[in-house]
Each structure stands twice: as C-alpha cells, then as structure tokens.
Amino acid sequence: MTILVRLLRIALVTILCIVAFAALFEFLNAVPTHLSLSDHPQGGVVANPRRPLVFDALVWGVVFRAPGYLFNGTIPLLIVLAVTDWKSAKSLRWYLTIWIVAGLLATGIPVRDPLRLSAALLAAAATRYLYWLLAGKSAGDWLQAWGTREPNAGRKLLNYAAYVVLAYLGYQLSGYLYYGGKLLWVSSGPEPDPGTPPFHVRFEREMTLSKKVAMMDFPDPASCLKKAETDDLSTDRLKEMDWDRIDNEDEAEVCMFRLLGSYENLSYATDWFEAQGFDVPEKFSSSHPYTERDGTQRVTGMHSIRKNGPKFPTKGVIRRAFRSIPYGMSVDATWSKDGKQLLWVQTGFSTL
C-alpha cells in the first residue's frame, strides 16, 4: 500500500509539474515580446496589445502545449523520478538536473535561440523547486515507514500491485530506450535511405530525427501494409494500410506518402483516403483538387476524432486518450503541377 500510494503521489505531482512547466515556459517566452510592444493610438483610441499577451501565453501553455508534453514526457519522467525517490535523493541539485534535461528535450534544445533557451532553463528551475516541495524533499521517507510495518495479507496484495505498476513502468522504459537508441543512431550515423518511393518533406526543417526513424522503419510500401500472403502491390492492395503499426504523426506521414506515392497520379487519392475512413471534401478531391499559387495540386482527407476516435495509436488507453484531445485530423497530400508526382504529405490536428 505504501509503495502504491507513493507512486500515485509522484505521478500526480509529475503531471502537475509538467503542466506548470508548459505554462511557465510559454509565459517566459512571451515576456520579451510583451516588453517590446508599446501602446499606440488607433483611430483616436489608445490600444494596449500587451495586456492580454502574457495571459494568452499562459492559456496556450496549459491548453495546447501541456498535452504534448504530458503525452511524451510523463512516463519517462515518472520512471526517473521514481528511481530518485527509491534512492532517497533529496538534493535540489538532482531535481534541477532532471528538470533541465527534460525541459531542454521538450523544447527542442533551443541553443540557437538565447531567449527561448533562457525561458526553458528558468521554467525548469522553477518547476524543480515545485516538485521538490511537493514530493522531492520527502523522497525515501516511505522506505523507513514501509519497513517498520507489520505484514498482513491485504498489505501484501497491495504491494504486489505496486510491483506490477513498477514492472509496467520498466516495460515502458525499455520501449523509450529502444526508440531513443534509434534517435541516437539517425542523429550520429549516416542519413537514412529515402526509400521507395523517395520520401520528401516540404521544408528541410520538417525532416526531424523522429521522421528519419520513421523512414528507416517504413522503407517501402510493403512495410506499411497489413500482412498478406501475396506481395502484389495492386491499386486495391495499396489501400490496406496497417494503422496498428502507426504510433505517431511521422510514421503516419511516411507510410501515407509511401502508399499514395505508389500510384500513377492523384486520381487515386480520393478512393485511397475513403478506404482509410477519411472524408474528402468535393473541392479538395481527386476530381477537383485544390490548386495552390505555385500550381501544385492538393487533395485533403478529413477524419473526425470526436466521432470515430484517433486513427493512431490503435492500442493503449492512455496514449489514445491523449490523442483524443483534438477533435479532428486532416491529411494534405500535395502533387506536382501535372498531378503525376506526390511531393509531400502533411497531417494536421484541430483543437478547440
């Protein structure tokens, strides 16, 4: 019981601190802009654009930034903080290191942006103190209390439940370490092969490490399809995308590119999207693609998360719950001017 209660406390405090970090980071990130703006008259009325800016940043951090941080960071942080608690680490320096590393990873290690880097470091420093105040300063105290209690059947059962939770966290940690190893490989090793058909992104900055891992995991159309006895890649077979294997946006974009790019032209796009359960607006369909200013043509598929749930991941209650926060998902597939070559695929999510 003692172990389970302590784990629950660490989990709740960790979630609270992640949300606090998101709010503080956005707040501190908005301060330079807030200070640079000045009141100016508009039509005889003095407007003050600074006043709502900081408040909006706080709201943005809690409502939009925090869910992503929670989705990606809760379990790794919970594992690390549970270990420090088990080791009775009460020093503020330990928690400063942990939250700084977590904050830098969450914000993309913004070493080229001093203001953003400063905001991340300050938010991490404040968050570590909040965590230490609520949980860190009592790290390890439960071990002494747990050891002095007399055993009984009910307490043993709860202790076993706590061990199950620890085993689950260990399993999750192994997954993060495995994926982290892939990220390390693509960051330090040679560039992954673009695959078949060659994968492209619209802007170079969009070629993230996680996208490179997805390129490596899904090198061709066959790797994105449901298992079958045939190796045939007919037009109908290309519609059998295996969504059970998709865990994130990058994998979804890579696989959708592999499959849509295997068709001769964009005339197959509407049927493909509809086979995946997407709705295709008439003005963004294969018969009437939207023409961009540069002449490229776009077909868009829409998926209602509110009605049908998230397309990915298909497993994991907690992960699906986080993916259910947006109410809609869209996929833009852009072709060349003649509609014969797929240029890129982009996913987007609609939030309140």
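Predicted model: local features only at pLDDT ≥ 70, side-chain atom pairs only at ≥ 80, totals over all residues.
Is Val-62 buried, partly exposed or exposed?

Val-62 sits in helix H2, which covers residues 51-86. Its relative accessible area is 40%. Buried means under 20%, and exposed means over 50%. So Val-62 is partly exposed.

Together with Phe-55, Val-59 and Val-63, Val-62 makes up a nonpolar patch on the surface. The accessible area of these four residues together is about 330 Å².

Strand E5 takes in residues 328-335. How many of its residues are buried? The count is 8 of 8.

Look at E5 face by face. One side carries Gly-328, Ser-330, Asp-332 and Thr-334, and these are buried.

Next, the strand partners. E4, residues 297-304, is joined to E5 by 8 bridges, and the two run antiparallel. E6, residues 342-350, is also joined to E5 by 8 bridges, again antiparallel.

Asp-332 is a handy landmark in E5. On the E6 side, Gln-346 stands opposite Asp-332.

Last stop, the turn. E5 and E6 form a hairpin, with 6 residues between the two strands. Which residue in that turn has a positive phi? Gly-339 does, at about 75°.

To recap: Val-62 is partly exposed and belongs to a nonpolar surface patch. Strand E5 is mostly covered, with antiparallel bridges to E4 and to E6.

Terms used: Residues numbered from 1 in each chain as written. Heavy atoms only, no water. Patch = residues over 30% accessible without salt bridge, like charges linked within 9 Å, V, L, I, M, F, W, Y side chains within 5 Å. Areas by Shrake-Rupley, 256 points an atom, 1.4 Å probe, with all protein chains shown as cover. Salt bridge = Lys/Arg side-chain N within 4 Å of Asp/Glu carboxyl O. Helix = DSSP H or I, 4+ residues; strand = E, 2+ residues; numbered from the N terminus. Buried < 20%, exposed > 50% of the residue type's maximum accessible area, 1.4 Å probe, protein only. Pairing = 2+ DSSP bridges.
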